[in-house]
Amino acid sequence: MKKTFLFLSVMTLILLLLGFSGVEAGQGSRTPPRIGILIPESLRPESQAIKGLRDGLKELGYKEGKNILVEIRNAKGDRAALKPAVDELVGKKFNLIFTTGTRATQAAKTATTEIPIVFTHPADPVALGLVKSMEHPGGNITGVAGLASQMTGKRMEALKQTIPNVRRVHIFFDANNKFSQENFASAQKEAQKLGIEVAAHGVKAADELKSSLGQLQKTEGDVLFHVPDDLVEGQVDFIFEMARQKGLPTMFNEEVWVIKGALAGFGPSYYQMGRQASRLVDKILKGQSAGEIPVERAVKFDLVINFRVANTMGLTIPPSVLKKADKVIR
């Protein structure tokens, strides 16, 4: 009887030890949450947003390769490549998808209604149909929005400070796109507040844009003012070359365009939007529903000046503007 009791006790102890070992092994081998990053291409806005996201997650205690895994899918400018890229992330059951811009976010939203999506976006996600509202996005999506159209007034003020003698702004926009039309209307309203004349150039194709800009006769105080528009942004190389030839200063909405050749830019900091997004990611990984987390507004906007372009055009940027600029390209 004693031998039987002793045998059972030993077996119970062994089983308990094995059980504890199994739990420990299971915990140690548990796969960390995986974040799939979907980007349309690897330009500065995307790289800065990703850097901000990673830095923010690091500050929140996440260590890549240990308690979180991050993989990037880059469509490299090919719209058709977005769908298979996001389908792969969905098929592999990533825990969360992080996107930048409209195309990548729309592709992710179309691909899944279950995996949480966190975006960084320069425009208005409500107007684009990405979320139901800023306060209650709904579904499986939330993020950080730059609300570019709402910042048009600030950008127009930045233009006035950068080029004090501005008299008229030329605005090119896609006449077939209702969002471009709304962006133009917003810019026109803000220009009128500052006593700046507006020359509207609604175009329907790239060739029409080129022809219209090529025939434009620049006069003293003329500036080309950019509103977010895919048609216009697809022709920036031509626009900057024509602007250089005509001595026409250009004010765009993001740093990437200033790097490419615009005189100035005023827009949301993608790095800071990425950092903001990291907090949303953290909330979701800790159990909150993406659709119940309010979309945040971008909190930091950068003024960027291309001093080389100013010198080429013989323009003098007020020292006060150069001093307060977030970045000056020399």
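**Basis.** I numbered residues from 1 along each chain as its sequence is written, and side-chain values use heavy atoms, with hydrogens and water left out. As the model is predicted, local features need pLDDT of at least 70 and side-chain atom pairs count only at pLDDT 80 or more, while totals for chains, interfaces and linings use all residues.

**Helix α6.** I took helices as DSSP runs (H or I, at least four residues), numbered from the N terminus. I found Ser180, Asn183, Phe184, Ser186, Ala187, Glu190 and Ala191 of α6 buried (under 20% relative accessible area, 1.4 Å probe, protein chains only). They lie on the same side of α6, because they cover an arc of only 160° around the axis (taken from the directions from the helix axis to the C-beta atoms). The face turned away from that side carries Lys178, Lys189, Gln192 and Lys193, which are exposed (over 50%). I noted that the buried residues pack against α5, β6, β7 and β8 (heavy atoms within 4.5 Å).

**Pockets.** I used a 1 Å grid over the protein atoms alone, a pocket being an open set of points where a 1.4 Å probe fits, with protein on both sides within 12 Å along at least five of seven lines; lining residues have an atom within 4 Å of a point. The largest pocket holds about 1,300 Å³ of space (filled by probe spheres set on the points). Among its 41 lining residues, Thr102, Arg103, Pro122, Asp230 and Glu233 are the closest to the centre. The second largest pocket holds about 160 Å³, and α2 gives the most to its lining, with three residues.

How values were computed: Helix = DSSP H or I, 4+ residues; strand = E, 2+ residues; numbered from the N terminus.
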